[in-house]
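Please go through the points below with the model open beside you. They are meant to be read in order.

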Amino acid sequence: MIEPTPARMAAVSAPSGASELLPELVRAWQQRFGRRDAPRVFFAPGRVNLMGAHLDYNGGPVMPVAVDRGTFVALGPRGDGRLRLASRIEPGECEIDLALAAHSARSGAWFDYPLGVALALCARRPRAVGLDVLFGGNLPIGGGLSSSASICVGTSLAFERAWGIELSSLERIEVALWAEREFVGVKCGIMDPTSIALARRGRLLWLDCRDRSFEHVALDDARIAIGVADSGVRRELARGDFNLRVEQCRAAFEQLRRYVPGATCLRDVPAGVLASHAAELEPVVARRALHVVSEVERTFAARDALARGELAAFGELMVRTHASLRDAYEVSLPELDCLSETACALDGVYGARLTGAGFGGCVVVLLHPRASAALAPALEAEFARRFGRVPRVTIYASSDGPRELEL
Ligand code: GLA
């Protein structure tokens, strides 16, 4: 049997909230750009990562799932070769002459992401037509659900279609990575754009970031629901903290590689080697390496637990990951610890951990669907008691990858 591809399934898998969001976005696009025609609209999901925290840039395995919320991109062509970028979510707009696109510099605003994608694509299609583009969406921004890769992958698909460029999913991932790493300047790994570009509903992506091999693994809907609790905390300096972790891991690998012939990344360093040589590393670098090396073991164990249908064991590994992110990688916060611990105390919750880079953002909760209704009230009550405000708690479905939506 031929597996249904995301494109063929487009009609049956509308993203959550699309029925309200889509007409609003179309109206806003017409108003913003003073147009009467209808735009084309594209969607790219966000993602949660169940296991493999901070492993992608260390060559390790990761287990992300795309979710049914994300970025919506509405666009229509213009005759004057100008690219106009506006958002319903974030302030600030950008307008450039595409013929001079190569001279654009990053500004620190949200539109650096789509601008970076436009630059990467213009290198392939130097005489691209102008576009009026309005972004919308229903993913927490900067909350660890990969809103930045979602906007990059969604923009790439939308601009490819508008400019008549044919890219494979793997090439689209490269465009998104270029935008984020080279233009925006975040030294991120391959997990986020890959999990979004290759997403399939009902599956998680097992991705080995050392050789980029991947496999779609079925998730049992009858036994698994995915909850997300947004702490509401956003740290301005998170980008610098993230790049610092990347540097510390690189430093650990440079020191340890001499003891592991043939090693190409920190993932290749066995726990025993780290244990024998940890004292040679700066203490903070040794702690970062400890997280990575132990997370590699936990992630393989999680894959085995999932294959055996042992969700309690899988959840227990998520809990250990959270502890390692808190104590060894030092990217958690009391708000995230509170959400994760409170969720794990509930009946029917297998496990919970912070998702994404950390320093704020969201906790992902793996739970039995029958426990879904109790999750939000429990987290809201405990979080409000400790921090005086209410977190946003949502149950997500898994999602297909980026696609054009029917209006
Ligand atoms: C961010 C990065 C990813 C990954 C995660 C941590 O989301 O963009 O590449 O490193 O953090 O797992």
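Two residues are in contact when heavy atoms of theirs lie within 4.5 Å. Keep in mind throughout that this is a predicted model.

1. Val-390. This residue sits in the loop between α12 (372-387) and β12 (392-396). The C-alpha atoms of Val-390 and Glu-380 are 5.3 Å apart, although the two residues are 10 residues apart in sequence. Is Val-390 buried or exposed? Val-390 counts as exposed because its relative accessible area is 53%, and the cut-off for exposed is over 50%.

2. Leu-266. Here is another loop residue to look at. Leu-266 lies in the loop between α7 and α8. Leu-266 is buried, since its relative accessible area is 2% and buried means under 20%. Leaving out residues up to four places away in sequence, Leu-266 touches Asn-58, Cys-249, Ala-252, Phe-253, Leu-256, Ala-289, Val-292 and Val-293. With Phe-253, which is 13 residues away along the chain, the C-alpha separation is 5.1 Å.

3. Helix α7. This helix has 19 residues and spans 27 Å from its first C-alpha to its last, close to the 27 Å expected at 1.5 Å a residue. Its buried residues are Ala-238, Asp-241, Phe-242, Asn-243, Arg-245, Val-246, Gln-248, Cys-249, Ala-252, Phe-253 and Leu-256. When reading such a list, remember that an α-helix has 3.6 residues a turn, so residues three or four places apart point the same way. What covers the buried residues of α7? The cover includes α8 and α9.

4. Helix α10. Residues 311-327 form this helix, which has 17 residues. From first C-alpha to last, α10 reaches 24 Å, close to the 24 Å expected at 1.5 Å a residue. The buried residues in α10 are Leu-311, Phe-314, Gly-315, Leu-317, Met-318, Thr-321, His-322, Ser-324 and Leu-325.

5. Asp-337. This residue belongs to helix α11. Asp-337 is buried yet has no salt bridge. Why is there none? The nearest side chain of opposite charge, Arg-326, is 4.8 Å away, whereas a salt bridge needs a side-chain nitrogen within 4 Å of a carboxyl oxygen. Apart from neighbours within four places in sequence, Asp-337 is in contact with His-322, Arg-326 and Ser-332.

6. Salt bridges. How many salt bridges does the count give? The count comes to 27 salt bridges. One of them joins the side chains of Arg-78 and Asp-80, at 2.5 Å from N to O. Arg-78 counts as buried because its relative accessibility is 18%, while Asp-80 is partly exposed at 39%. Another joins Glu-95 and Arg-82, with the closest N and O atoms 2.5 Å apart. This pair links distant parts of the chain: Glu-95 is in strand β5 (residues 94-97) and Arg-82 in strand β4 (residues 82-87), 13 residues apart. Glu-95 is partly exposed, with a relative accessible area of 42%, and Arg-82 is partly exposed as well, with 28%.

7. A bridge between loops. The side chains of Arg-210 and Asp-268 meet in a salt bridge of 2.3 Å, N to O. Arg-210 is in the loop between β7 (203-208) and β8 (213-218), and Asp-268 is in the loop between α7 (238-256) and α8 (271-277), 58 residues apart. Arg-210 is partly exposed at 44% relative accessibility, whereas Asp-268 is buried at 17%. Elsewhere, salt bridges that share partners join Arg-35, Asp-37, Arg-78, Asp-80, Arg-84 and Asp-132 into one network.

8. The ligand. Which residues are around the ligand? They are Arg-47, Ala-53, His-54, Asp-56, Tyr-57, Cys-188, Gly-189, Met-191, Asp-192, Phe-242, Gly-356 and Ala-357. A polar backbone atom of His-54 is 2.8 Å from an oxygen atom of the ligand. For Gly-189, a backbone N or O atom lies 3.0 Å from an oxygen atom of the ligand. Asp-192 instead has a polar side-chain atom 2.9 Å from an oxygen atom of the ligand.

Notes. Residues are numbered from 1 along each chain as its sequence is written. This is a predicted model: local features need pLDDT of at least 70, side-chain atom pairs count only at pLDDT 80 or more; totals for chains, interfaces and linings use all residues. Side-chain values use heavy atoms; hydrogens and water are left out. Helices (H or I, at least four residues) and strands (E, at least two) are DSSP runs, numbered from the N terminus. The expected span of a helix is 1.5 Å times one less than its number of residues. Buried means under 20% relative accessible area, exposed over 50%, partly exposed in between (1.4 Å probe, protein chains only). Lys and Arg count as positive and Asp and Glu as negative; His and the chain ends are not counted. A residue is near a molecule or strand if one of its heavy atoms lies within 4 Å of it. A polar contact is a pair of N or O atoms within 3.5 Å; within protein, one must be able to donate a hydrogen and the other to accept it, and residues adjacent in sequence count only if both atoms are side-chain atoms.
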